[in-house]
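Here are my notes on the model, arranged as numbered points for reading beside the structure.

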Amino acid sequence: MMPAFHQTRRHITRSLLFAAGGLFLTAAALAVVQPATPPEPVFQARQTLDLPPMGQQADSTDPYIASTRIRRGDTVADLLRRLGINEDGLLAFLTHDASARSIYKLYPGRTVQAALDEQGHMMWLRYAHTPGSTAKSGIESAWLEVRPDGHDGFSAHERTTAAVRETRVAEGEISSSLFGAADEAQLPDSITMEMVDILGSRIDFLKDLRKGDRFRIVYDAYMHDGEEVGAGHIRALEFINKDKAYSAVWFETAQGQGGYYDFSGASLKGAFLRTAIKFTRISSTFGMRMHPIHKKWIGHKGVDYAAPSGTPIHATADGTVEFIGQQNGYGNVIILKNFGKYSTLYAHQSRFAKGLKKGDHVQQGDLIGYVGSTGWATGPHLHYEFRINNQPVDPLSTDLPMARTLEARDQKAFQATVARYQPEIQLLARLQESRIQLAER
Ligand SMILES: [Zn+2]
């Protein structure tokens, strides 16, 4: 009926852009939000700039700006040819002059631009060799600029421009893996990993993820010339795991302590992580296919994580090494005395973290050893026990203790923060539901 409905999910997601206090959606995305009625002109289509000048405004006298992306195997001569540049001595300058050495290394996918005057002479050439890197002031883009020097030669200078911070949104649904869904939503890897870290005390991303799980995220990105050149941090998110909603919002207390809380104000910084194996792009490929090694809880007393031998094991909570060595059945095993009545055990390790010994203090997330199959193990896996008063309990079905709660004096500011992001998350949720309904039609 409406051609806009035939837009792919990928396109709709890409066209979502939250910026400067308003949501910018394309007409296609709007049609999805409110399929029944024509949308109010509240939103504006996102515009893509063609051949934007790098870093600074092009002079009004620039008649023509050419741009090309570097392809694998390109030489500088190939680039000049595609840009339509034919300047005596330029190729020799670019390939021999030390001041132009950053163009010696051509990164596929990065951009080279040039301005040509009416006679077709090069006014400048710019190579954005480092589109985004972290600097003291934020994210910077670095590029090389080459100009005629006015004496039949050329000069080259390195320039940098600060990237602009923007707030972006994304939503996705897991069909085969979290990273698959994140890629489809064009979410930077660092943001996906941050989402996993933020919810690491609530969700065991290695065992709990299911097909149909959904996420909605508001995050910062650093933009340069219309391209995302660096990821910032998550502002707010919602993750639907097995039909249960988990929310998170970044909040800084009056004391300047920043952290993530759920929308009700409970800290997400758990005293314990749900799992001792970090969820990464690599681990997720076995994580999603992974089935727990089935054993009865009675007589087994732990949770098993199948993982390749050598996969790092991390402390799930702060603690002191109570035991490190070999035990019958457990093989190479570490027991951490965490605090109060809690302790954790990590068995079948191939080896321990270098230098770790009894009595050492470790912090949550510290590397303590590596997955192996020592002791009674049929294959490489981590056997993880969570103990209360030295009695193993099922960590997957236990409410783990939380570290911090919000103080009363911060409540008002916290509510304001939630009120700012929750509507965006809700809008994303509606958009997502509509998209999924359309896809099922
Ligand atoms: Zn086990």
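1. Is strand E20 (residues 381–388) largely enclosed by the rest of the structure or left open? Strand E20 is largely enclosed, because seven of its eight residues are buried, where a residue is buried if 20 or more other C-beta atoms lie within 10 Å of its own, exposed if 12 or fewer, and partly exposed in between, with C-beta atoms placed from the backbone. Strands, here and below, are DSSP runs of E with at least two residues, and helices are runs of H or I with at least four, both numbered from the N terminus.

2. Before going further, please keep in mind that this is a predicted model, in which local features need pLDDT of at least 70 and side-chain atom pairs count only at pLDDT 80 or more, whereas totals for chains, interfaces and linings use all residues. Residues are numbered from 1 along each chain as its sequence is written. The protein chain averages a pLDDT (the predictor's confidence in each residue, from 0 to 100) of 80, and 80% of the residues score at least 70. Over residues 1–59 the pLDDT is below 50, although this stretch has 84 contacts in the model beyond near neighbours in sequence; over residues 286–298 the pLDDT is also below 50, and that stretch has 17 such contacts. Two residues are in contact if their C-beta atoms, placed from the backbone, lie within 7 Å.

3. As for the overall make-up, the protein chain has eight helices and 21 strands, and 37% of its 441 residues count as buried. Among contacts with a separation of 6 or more, residues 24 or more positions apart account for 62%.

4. Returning to the surroundings of E20, two strands are said to pair if DSSP finds at least two bridges between them. E20 pairs in the antiparallel sense with strand E13 (residues 303–306) over four bridges, and Val-303 has Tyr-384 as its bridge partner in E20. Strand E17 (residues 342–352) is also antiparallel to E20, over six bridges, with Ser-343 facing Arg-387 as bridge partner. Three bridges join E20 to strand E21 (residues 391–393), again antiparallel, and E20 and E21 form a hairpin with two residues between them, in whose turn Asn-389 has a positive phi of about 50 degrees.

5. Gly-325 stands opposite Val-333 in E16, and among the three residues between the strands Gly-329 takes a positive phi near 85 degrees. E15 is also joined by two bridges to strand E18 (residues 361–362), running antiparallel, where His-361 is the bridge partner of Thr-320.

6. An open sheet of five strands has the order E8-E9-E10-E11-E12, with antiparallel pairing. Its edge strands, each pairing on one side only, are E8 (164–173) and E12 (258–261), and the twist averages 25 degrees from one strand to the next. E8 and E9 (residues 214–224) are joined by 10 bridges, with Gly-172 opposite Phe-215 in E9. Helix H6 (residues 189–198) lies across E9, E10, E11 and E12 at about 35 degrees to E10, while helix H8 (residues 411–440) lies across E8, E9, E10, E11 and E12 at about 110 degrees to E9; axes are lines fitted to C-alpha atoms, for helices over the stretch in contact, and angles run from 0 to 180 degrees between N-to-C directions.

7. Finally, two loop residues deserve a look together. His-121, in the loop between strands E4 (111–116) and E5 (122–135), counts as exposed because it has 12 C-beta neighbours inside 10 Å. Asn-86, in the loop between helices H3 (76–83) and H4 (90–96), is likewise exposed, with 12 other C-beta atoms within 10 Å. The C-alpha atoms of His-121 and Asn-86 are separated by 7.7 Å, although these residues are 35 apart along the chain.
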